[in-house]
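The briefing is arranged by topic.

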Amino acid sequence: MRREGGWIKQICMIENIKYKKSYNFAFIDESTKKEVRRKLLKAVAIPGYQVPYSSPEMPIARGWGTGGLHITLALIGRNDVFKIIDQGSDASVNACNLREFVQAMTDCKVTYDTTEATLIQTRHRITEEELREDQLFVFQVPQPEPLRGVERYEYRTRQMHGEADYAKMWVSLYESFVRHGDIMLGAGYPVKVNGRYIMAPSPIPRWDIPNLHQAKTLYLFGAGREKRLYAVPPHTSVEPLEFEDVKFNIEKFNGASCSKTGYRRAFLDELFLDDGSRTFVINDSNFLDKMEQGEPVNQFTNPYLQQLV
């Protein structure tokens with residue numbers, strides 16, 4: 001009995017030591033970080049190609065940003081300045097929770113300012129302000145496979161990517177135009193990267209698609225639930241799928257402008273007021289704050305945005 005009691009006491013001491021031990025820097029263990037970095041290097045080397053990875057467990061449910069969080073925690077350093085946005089907002093529930101978690105696990109500085117950040121994680125938007133060469137931009141991706149809507153089996157989509165056989169995707173776009181008079185795809189419009197792979201650019205609106213093309217910033221995409229990583233390196237061609245006579249277009253908002261600033265050349269949120277009327281405000285909360293305060297901003301420019309002038 002004494003021996004058994006001694007073993008029980010020893011096991012309890014080991015368990016107490018185990019759970020009192022502090023977390024590793026950025027939560028994820030170093031070997032898993034190395035694996036994520038290696039897979040990201042492959043993704044950068046083959047733009048648009050989906051690289052499988054381990055997708056370790058996190059203290060949040062899959063589907064709530066684990067893929068983007070894996071990339072962020074694998075790359076962030078103590079001197080980085082971290083920013084996270086959710087649908088353009090810095091103050092949404094998803095953004096606030098993940099910001100607090102990253103700060104608690106790394107003790108790095110966090111910010112709302114796009115220009116101040118060195119690493120930006122996003123859910124379904126690209127910032128209105130143009131990104132620099134020294135910044136990393138990480139996307140949370142719910143569904144990385146652009147062919148899922150036309151092919152249900154994973155082994156077939158892998159084969160189609162390998163053979164660059166995208167006929168079903170083109171037929172799907174054609175059928176959409178025939179039925180509705182336009183290509184009825186909004187968020188997550190498919191793009192061709194570097195003239196080779198068709199890629200799902202996360203559910204970002206059409207407005208943001210042109211800002212992927214020949215950008216200065218490294219774009220990284222993480223889908224934790226589907227266990228896939230992919231990337232768009234700087235100065236890489238990213239072209240939305242379109243026909244010769246049916247061109248890709250961004251949202252135009254029917255000439256509406258921001259009710260707070262009067263600005264038209266930004267992605268707008270439509271809000272319904274208590275009296276049933278509607279109004280529009282700039283979606284990017286940090287961009288809106290700077291416009292209201294009269295601060296200088298360096299917005300993305302592209303041919304589609306120029307058409308709105």
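This is a predicted model: local features need pLDDT of at least 70, side-chain atom pairs count only at pLDDT 80 or more; totals for chains, interfaces and linings use all residues.

Residues are numbered from 1 along each chain as its sequence is written, and side-chain values use heavy atoms, with hydrogens and water left out. The chain is divided into domain 1 (30-147 + 186-240) and domain 2 (253-296), with bounds that come from an automatic or database domain assignment.

**Domain interface**

- The centres of domain 1 and domain 2, taken over C-alpha atoms, are separated by 25 Å, and 15 residues of domain 1 are in contact with eleven residues of domain 2, where contact means heavy atoms within 4.5 Å.
- Between them, domain 1 and domain 2 bury about 1000 Å², 48% of it on carbon and sulfur atoms; buried area is the accessible area (1.4 Å probe) that two parts lose on being put together, summed over both.
- Of the area that domain 1 buries against domain 2, 49% is supplied by Glu128, Glu129 and Trp207, more than by any other three residues.
- Two salt bridges are counted between domain 1 and domain 2, a salt bridge being a side-chain nitrogen of Lys or Arg within 4 Å of a carboxyl oxygen of Asp or Glu.
- Lys290 forms a salt bridge with Glu129, and the closest N and O atoms of this pair are 2.8 Å apart.

**Salt bridges in the whole structure**

- Side chains of opposite charge can pair when their charged atoms come close.
- A search of the whole structure finds 18 salt bridges, and Glu145, Arg148, Glu154, Arg158 and Arg228 are linked in a network of them.
- Lys33 and Glu30 meet through their side chains in a salt bridge (3.1 Å, N to O), and because they are three residues apart in helix α2 (residues 30-45), they are separated by about one helical turn; helices (H or I, at least four residues) and strands (E, at least two) are DSSP runs, numbered from the N terminus.
- Lys33 counts as buried at 2% relative accessibility, whereas Glu30 counts as partly exposed at 35%; buried means under 20% relative accessible area, exposed over 50%, and partly exposed in between (1.4 Å probe, protein chains only).
- Lys39 and Glu35, also joined by a salt bridge (3.2 Å, N to O), both lie in helix α2, four residues apart, about one turn of the helix; Lys39 is partly exposed at 25% relative accessibility, and Glu35 is buried, with a relative accessible area of 11%.
- Asp86 forms a salt bridge with Arg123, the closest N and O atoms being 2.6 Å apart; Asp86 lies in strand β2 (residues 81-86) and Arg123 in strand β4 (residues 119-123), so the pair ties together parts that are 37 residues apart in sequence.
- Asp86 is buried, with a relative accessible area of 7%, while Arg123 is partly exposed, with 27%.

**Thr261 in its loop**

- Thr261 is placed in the loop between β10 (238-240) and β11 (268-272), where Thr261 is partly exposed, with a relative accessible area of 28%.
- Not counting residues up to four places away in sequence, Thr261 touches Ile282, Leu288, Met291 and Glu292.
- A polar atom of the side chain of Thr261 lies 3.3 Å from the backbone nitrogen of Tyr263.

Note on methods
A polar contact is a pair of N or O atoms within 3.5 Å; within protein, one must be able to donate a hydrogen and the other to accept it, and residues adjacent in sequence count only if both atoms are side-chain atoms.
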